[in-house]
Structures are given as C-alpha cells and as structure tokens.
Amino acid sequence: MRGFRSDAQYCSFCGKPADDNRFLVAAPGNNIFICDKCVAVCQSILDQKEHNVDPIEMGDVPSPREFKAYLDQYVIGQDYAKKVLSVSVYNHYKRMSNKTPGTDEVTIEKSNVLLIGPTGSGKTLLAKTLAQKLKVPFAIADATTLTEAGYVGEDVENVLLKLINAADGNVQAAERGIIFIDEIDKIGRKSENTSITRDVSGEGVQQALLKIIEGTKASVPPQGGRKHPNQEMIEIDTTNILFILGGAFVGLDKIIEQRTAERAMGFGSNIGQLTEEERMELLNQCTPDDLVKFGLIPELIGRMPITVSLKELTKADLKRILSEPKNAITKQFQASFAIDDLDLTFTDDALEEIADIAIKQKTGARGLRAIVEKLLLDLMYEVPSIKGKKQLTVTKDIVQKKVIPDVSTLLIDQKTA
C-alpha cells in the first residue's frame, strides 16, 4: 500500500479529503482509502480492547483437588506441598473474585507462600505449573540479583517489570499474576542484630520487598534499570499479585533442632546426622522465630503466612521424573529425535543410572536434562545427516559410556536387509 495526497480522494471512514495534515492509505486493488487520523483511532480502540481483562469468576478457577490433579501430571512427589499450594492459590483467587462493595465487608488477606526445599526439588516447577493452569502471567526472579535502591544491581521493582513483560505489556493482566522469587534465603541477615552498616543485598532488599508483597501501587521504569527524574513510569497495583518465595534454607533444620532439643546434646551426640525423614519432620515444625534466627526480617515473614517444606528427591523420584510427567525429559528427547525419523527408547536400568548420576552431583531434578543432553550430544550432531528410519535403545552401558552407539547401525533398513 502507498500514501496519497489528492483532493479527489476521500477517507472511507471519516469522509474527509487528503490535505497537508491528512494522509490517505489506499487498499490494494480498489478505490477505498483510510486516513492516518482514522488509523490512530482504530489502533487506540484495539489497544483498549486488548488491555481489557475480564474479572476473575470462581467458575473459571479450578478446585484445589483439580489443581493438585494438574500438578500431578507435571510434578513427581511432593504431595503435601502440592496440596498446600493448591489450597493457597484457590483461596487467593477466591479472595479476588469475592469483592463486594461496602464499608463493612471482611477483607481477606493474601496467602503468599514460602517454599523451603533443596535445589532441584521442584519449587520453581510447582509455581510455574500453577500459573500455567490458571493462564495468568508468571515471572521468576532471583533474590540474589536484587539490591537496595541506590546501589549497583537491579531494583526490586524490576521484578514487577518481568511480570508486565510476561503479560505482553498488559498491566491489568499482570496485576493478577504470580511472581516466584527464588534464593530468598541468600538475602538473610547474617545475625539477628541490626547492623550499623548498610546491607546492600540483604536486609535492605527484604525491606524493599515488603511493600510490593503486601500490596502497593508501584512505579516501574518501562525499560528496567534505575529510576531517573522525569522518567515515564508504568503504574502497577500489586494488591492481587500472588508472591511465592523459595529457598534452600541450608542450616534451618539445625536451628529448629536446637529449639526443640529433642535430640541428645553434648559429647557423642549425632547432631548433623539427620535422616531425610527427621529433617522433613523438623522443617514442618518451623516457626517464624526460627526464620528470624536464620536471617529473615519479621515483617517479611508476616507477609508469608503459609510455609511449606519440600523433601529432597530420592533416586526413585528422579527416575520417575525422567519418564512419567506429561513433559518428561525423555519424552521431550523422543519427540525431538522423531522429527529426524529416529525412534528413541530408554531401558529401565538406563533411567536408574541417570538418576544415580544426578544424586551424586547433588543437582536434584534440575540436573537431569543436562545429563541426558550431554549423553545424547553426539547423536544429536550425527542423526540429522542420516536419511531413513532409525532406532536406538539407550542402555545402562551407554549411560556409563562403556558402549558408544555406532550411528551407522541405527538405520532400520540396514538391519532388516
């Protein structure tokens, strides 16, 4: 299409002719035109329609049982954590949908969640899968990259910008999204005593997080980075944003153990030799005072009324994670290789060996993909160059690198010839 400026041509929308302040755009192949003014009006109507978000209806929010059933498809184990999160998210969106005007109405507080669990136990996956089920914007932030305003690093408000970007710039949609902040334990104070020096990435960040977690109208720089005078800001209300905080909290079990004093103290005691069941039992007895001793400020703990502990994944859990979830790692590689006409399968002992490697590396479920990716790297390099139907069974010997698959033997036609 091209622009026109002629008195003989008129905008088909407003009926006004082209002039020095009005340009016409012609539709291809006919005598229909639209002026730049009408284009701007149409764009504003489209923008307004795009940014109108329907209110939350409880009929659209799954029940806690439905939430957990959905989580079961993607997350292996952690049944207690899935149940707690399902109830928490359901109550949060029930709170949002049950807004009736009036001065005497009861205000239901937000049910923000604190997840305590070792790396690779599924904290991020749980939060991400919940957002996926609700079809709401979801953003992940790392607490260790945040600093107090005025210092080098990311302002806390940049967490909100990630959510706005996840909502494609729709602030109204972002205002009912979910934010997961990981590594929250890494910004704990080093002691319960308030330091006389500035704490750039510890207590200061916790203080900065307080307002947005509790609910406030925050001003966010549209391009991220630091705020500057006279800079245009994006206004966002965080009242209905659900915050899920996560961290490994290494050593928290020892703090709880000292408080409960259930284990023997003194010479010959077994402190530090907790079994996984004992550690989980201790973490489930966690109180706000224990978190304060660990380094979180009381005000932040008060904004996280729900605390749930995730257990460390066993070899059996990791083996199931490899093959059972809807988007299991092995299923992803099978689908990828199928595009190159390769039928990929894994033996049971191969899966067990991969899980054993992850246990030794202490990476949890997070390390499984890297292990499989490294294992199949040479195949991913060679297979696309081989035409025809192919098949491969990954065995324990292949995982242990006792056997290296010969790409030339993968062709089914060669085997049956």
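All 5 of the 5 residues in strand E6 (residues 178–182) are buried, so this strand is largely enclosed by the rest of the structure. Here, buried means under 20% relative accessible area, exposed means over 50%, and partly exposed is in between, with a 1.4 Å probe and protein chains only. Helices (H or I, at least four residues) and strands (E, at least two) are DSSP runs numbered from the N terminus. The model is a predicted one, in which local features need pLDDT of at least 70 and side-chain atom pairs count only at pLDDT 80 or more, while totals for chains, interfaces and linings use all residues. Residues are numbered from 1 along each chain as its sequence is written, and side-chain values use heavy atoms, with hydrogens and water left out.

In a regular strand the side chains alternate between the two faces of the sheet. In E6, Ile178, Phe180 and Asp182 point one way and Ile179 and Ile181 the other way, and all are buried. The strand belongs to an open sheet of 5 strands in the order E5-E6-E9-E4-E10, with parallel pairing; two strands pair if DSSP finds at least two bridges between them. E5 and strand E10 (306–309) stand at the edges with a single partner strand each, so one side of each has no neighbour in the sheet. From one strand to the next, the twist averages 20 degrees, where axes are lines fitted to C-alpha atoms (for helices over the stretch in contact) and angles run from 0 to 180 degrees between N-to-C directions.

Strand E5 (residues 138–142) is joined to E6 by 5 bridges and runs parallel to it, with Ala139 standing opposite Ile179 in E6. On the way to E9, E6 contributes 4 bridges, again in a parallel arrangement, and Ile178 has Leu242 in E9 as its bridge partner. Strand E4 (residues 113–116) and E10 run parallel and are joined by 4 bridges; Leu115 is partnered there by Val308 in E10.

Next come the aromatic contacts. A pair of aromatic rings is described by the distance of the centres and the angle of the planes. Rings of Phe, Tyr and Trp (its six-membered ring) pair if their centres lie within 6.5 Å; planes under 30 degrees apart count as stacked, over 60 as edge-to-face and the rest as tilted. The search of the whole structure finds 2 aromatic pairs. The rings of Tyr70 and Tyr74 have centres 5.1 Å apart and planes at 50 degrees, so this pair is tilted. Both tyrosines sit in helix H2 (residues 64–74), 4 residues apart, and are separated by about one helical turn. Tyr70 counts as buried at 13% relative accessibility, and Tyr74 counts as buried at 14%. Phe249 and Phe294 form a tilted pair as well, at 5.0 Å centre to centre with 50 degrees between the planes. Phe249 lies in the loop between strand E9 (242–247) and helix H8 (252–260) and Phe294 in helix H10 (residues 288–294), so the pair ties together parts that are 45 residues apart in sequence. Both phenylalanines, Phe249 and Phe294, are buried.

The largest pocket has a volume of about 710 Å³. On a 1 Å grid over the protein atoms alone, a pocket is an open set of points with protein on both sides within 12 Å along at least five of seven lines, and lining residues have an atom within 4 Å of a point. Grid points are joined across faces, edges and corners, and the volume is the space filled by probe spheres set on the points. Of the 24 lining residues, Gly122, Leu125, Asn327, Ala365 and Arg366 are the closest to the centre of the largest pocket. Helix H4 (123–134) and helix H13 (329–338) are the elements that give two or more residues to this lining, and H4 provides the largest share, 6 residues. The lining divides into 11 nonpolar, 8 polar and 5 charged residues, with Ala, Val, Leu, Ile, Met, Phe, Trp, Tyr, Cys and Pro counted as nonpolar, Asp, Glu, Lys and Arg as charged, and the others, Gly among them, as polar.

Finally, some backbone details deserve a look. Most residues other than glycine have a negative phi. Lys135, in the loop between H4 and E5, has a positive phi near 60 degrees and is exposed, with a relative accessible area of 73%. Asp341, in the loop between H13 and strand E11 (342–346), also has a positive phi near 60 degrees, and counts as partly exposed at 37% relative accessibility.

Note on methods
On a 1 Å grid over the protein atoms alone, a cavity is a set of points where a 1.4 Å probe fits but cannot get out, and a pocket is an open set with protein on both sides within 12 Å along at least five of seven lines; lining residues have an atom within 4 Å of a point.
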